[in-house]
Amino acid sequence: MTRSSIIAFFAISGALSACNVQREEREEIQESEVPSQVSQTAAVRYSGFSEPERVLYDSARDRYLVSNVNGETAAKDGNGFISVVSPDGSITELEWIEGGRAEVTLHAPKGLAIVSGVLYVADIDVVRKFDAATGKALGEIAVPGSTFLNGLTATGDGRLYLSDSGPPLGFLDGYGTEAVYVIEDDQVQLLAEGPLGRPTSLQPTQGGVIVASFGANEVFELDGQGNKGKVSQLPAGGLAGIVKHGPWLYATSWQASAIFRGKLGEPFEVAAGDLAAPSDLGYDSKRGRLLIPCFTQGTVDVFELQ
């Protein structure tokens, strides 16, 4: 190597190092600018629901959708329903999609996700499909062997992740069918199974999915092959919901009656408390809000990120 090429090599290396440092600094600045504190009181409270389990922000229509179990969480009683809520603080339609009406079957709806104008609903042992604009029933996807389908989330490319928490024996325990699935083109594939701590809520990542476990105080990542990656042990269990905002994860805990905040692989702390059975929360990306369904209270509480 000539003297001039050596000088050029070190010059380029130095420039690349400087770029890397600047990029890291920019990332740190961007992370620090992301609002992460949770208001200590609800900015808005919606009342009148019946065991609300999941809130989904429908960004295409700027509204909130709420799944209502309306009875036993694993009973095929045909009386579940989905509500439409306006961000301004009013309930637009309490029973927008209702079991037993307009040829709709809906027992105990939990997880919700929207892909290409279709609303997917986790309902005990099937995933039901509805037109996201009209609520018209579009069929269902069977999940053989499942007993307590719970969390449901969509990726940017249209895949769905689905959790089976296993049949509840008591407050936190489950057995037998605990699993996480991937649904693509209405085809169900098993991603992971076994003792997963009763997986409930899910949050997609670039290469896999983050799982919150109701039967443990654990949040963990599964890669595309179902292998367990980073793990965070939270201060309490009964984790029923998880969402991501910037670098931060927010998880709801029945045991702590609280929302926890943290980063995967790092400690979590209480962000807001005094919540009755906070379930599978949603995130309003337009307004920077956490949407918390309180299962036993029949309410949805809206907390601002500051």
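Visitor: How many aromatic pairs are there?

Guide: Rings of Phe, Tyr and Trp (its six-membered ring) count as a pair if their centres lie within 6.5 Å, with planes under 30 degrees apart called stacked, over 60 edge-to-face and the rest tilted, and by this rule there are four aromatic pairs. One of them joins Tyr 46 and Tyr 64, edge-to-face, at 6.4 Å centre to centre with 85° between the planes. This is a predicted model, where local features need pLDDT of at least 70 and side-chain atom pairs pLDDT 80 or more, while totals for chains, interfaces and linings use all residues. Residues are numbered from 1 along each chain as its sequence is written, and side-chain values use heavy atoms, leaving out hydrogens and water.

Visitor: Where do those two tyrosines lie?

Guide: Tyr 46 is in strand S1 (residues 44-47) and Tyr 64 in strand S3, so the pair ties together parts 18 residues apart in sequence; strands here are DSSP runs (E, at least two residues), numbered from the N terminus.

Visitor: Is Tyr 64 buried or exposed?

Guide: Tyr 64 is buried, at a relative accessible area of 1%, where buried means under 20%, exposed over 50% and partly exposed in between (1.4 Å probe, protein chains only).

Visitor: New topic: which way do the side chains of S4 point?

Guide: Phe 81, Ser 83 and Val 85 point one way and Ile 82 and Val 84 the other, all of them buried. Because five of the five residues of S4 (residues 81-85) are buried, the strand is largely enclosed by the rest of the structure.

Terms used. Helix = DSSP H or I, 4+ residues; strand = E, 2+ residues; numbered from the N terminus.
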